[in-house]
Amino acid sequence: MSHHFLFIESNTTGSGALAVRRLLERGDRVTFLAGVPAKYPVLADPAPGLTVVQQDTNDLESVAGTVAEIHGRERVDAILTFSEFYVVTVAEIAERLGFRHLSPQTARICRDKPSTRRALRNAGLATPGFWPVATADEAARVAGSISYPAVVKPPADSSSKGVRLVRDAGELMAHFHLLHARRWNDRGQALTGEVLIETLLEGPELSVETLTLASGRTHVIGITAKHLSPPPLFVETGHDFPAEIAAATRDRLAGAAVAALDAVGFDFGPAHTEIRLTAAGPVVVEINPRLAGGMIPELIRHATGIDLLAVVLDQLLGLPLDLTPCRAETAAIRFFTAEREGRLARVDRLHEAGQIPALREISIGKSLGAAVRPAEEAADRLGYAIAAGPGRLQVMAAAEEARRTLRIHIEAMADDLPVAPLRSHAGGASELFG
């Protein structure tokens, strides 16, 4: 029996693209609402079962009307998004129309980091010191009273965008003014000018991947170790699943994540909870009310056999869920980044990298001729390599070897440099490179 899934935006690659492909391949129907459909490579080729609707997805009432009209005309079985920026929209509309959904109030709390901090603090859980500021005077007062280094970030963005370590009041104010001046985010949603200042949490960053079946019933899938770029940025350059940590530490991290989810009223679906393991214990950095990005669901599939993407789709339909692992291996991803600003001119040795034992997938996500820069956020990453297998050391070595093997050529900007798409697939290298 086929089903009809309605997407309200998504992430442009990763799990969102995988979900669309899988649904269409198994004969389900997909209706995809997008403000700018051209942002999504997965929508570029017409496919049976795929309907793309151009829609102002930042207008809640307009979207709600469109979804209701489509549902009344050709029954929709589930609505979803893989984008951080539309989880509240999906929750609101799903509640109105009777689809399975996360609590809209919880979605709003998770989307706004100061609100998350307050909910956790009110529940007696550890949080960093935090100060939302909306004016230069407020920022200056905080800048003159806190200890350094500190962190300055947007209160409701994604992919490490705008997150920066600052070492003194001058750096804090400079970054405040940069963020405060932004009037729109990358999805065209209006910003208030508010900026979040936080104390720096010292310690490794990990994330806890969970699936909540109902309020108070959260299943911990596992814990991911994260590799971050050097300060002052916090771009994720790789992940390992499962994290190599002691059982007692794993229990403390899992407990902290579940307690945080309970504190914000999490009652349905996947969550990706980022945590710093400080000397005083685990401290939640943020709760993402969605599947993890960075291909973490694929790492989980390779390492445990749990297809978390398929599980989430089944949960939206109300089908029985199987979260039983069928193997205990390790998976790792390493991201490729540009060493300098320019345009992507050529990628060499992709075939050689793809032959590395334990490598499962290698992909270049940018187009030839695309403007690139050293990574300041996740969207700047050029591609990735995934390795998996029973030997942790061999898996880590394979992922790192792929990153070292690849030769990425960046040229100075030139208006006449052609742009050509790259296509990649699991189990091999890009189709444009041999």
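Me: How do the residues lining the second largest cavity divide into nonpolar, polar and charged?
Reply: The model is predicted: local features need pLDDT of at least 70, side-chain atom pairs count only at pLDDT 80 or more, and totals for chains, interfaces and linings use all residues. Residues are numbered from 1 along each chain as its sequence is written, and side-chain values use heavy atoms, with hydrogens and water left out. On a 1 Å grid over the protein atoms alone, a cavity is a set of points where a 1.4 Å probe fits but cannot get out; lining residues have an atom within 4 Å of a point. Ala, Val, Leu, Ile, Met, Phe, Trp, Tyr, Cys and Pro count as nonpolar, Asp, Glu, Lys and Arg as charged, the others, Gly among them, as polar, and the lining divides into 4 nonpolar, 1 polar and 2 charged.

Me: Is Ser 15 buried or exposed?
Reply: Ser 15 sits in helix 1 (residues 14-25). Beyond its neighbours within four places in sequence, Ser 15 contacts (heavy atoms within 4.5 Å) Phe 82, Ala 292, Pro 297 and Leu 309. Its relative accessible area is 5%, so Ser 15 counts as buried (under 20%, 1.4 Å probe, protein chains only).

Me: What is the volume of the second largest cavity?
Reply: The whole structure has 3 cavities of 30 Å³ or more. Volume is the space filled by probe spheres set on the grid points, joined across faces, edges and corners. For the second largest cavity, that is about 40 Å³.

Definitions and conventions:
Helix = DSSP H or I, 4+ residues; strand = E, 2+ residues; numbered from the N terminus. Buried < 20%, exposed > 50% of the residue type's maximum accessible area, 1.4 Å probe, protein only. 1 Å grid on protein atoms, 1.4 Å probe; cavity = no way out; pocket = protein on both sides within 12 Å on 5 of 7 lines; lining within 4 Å.
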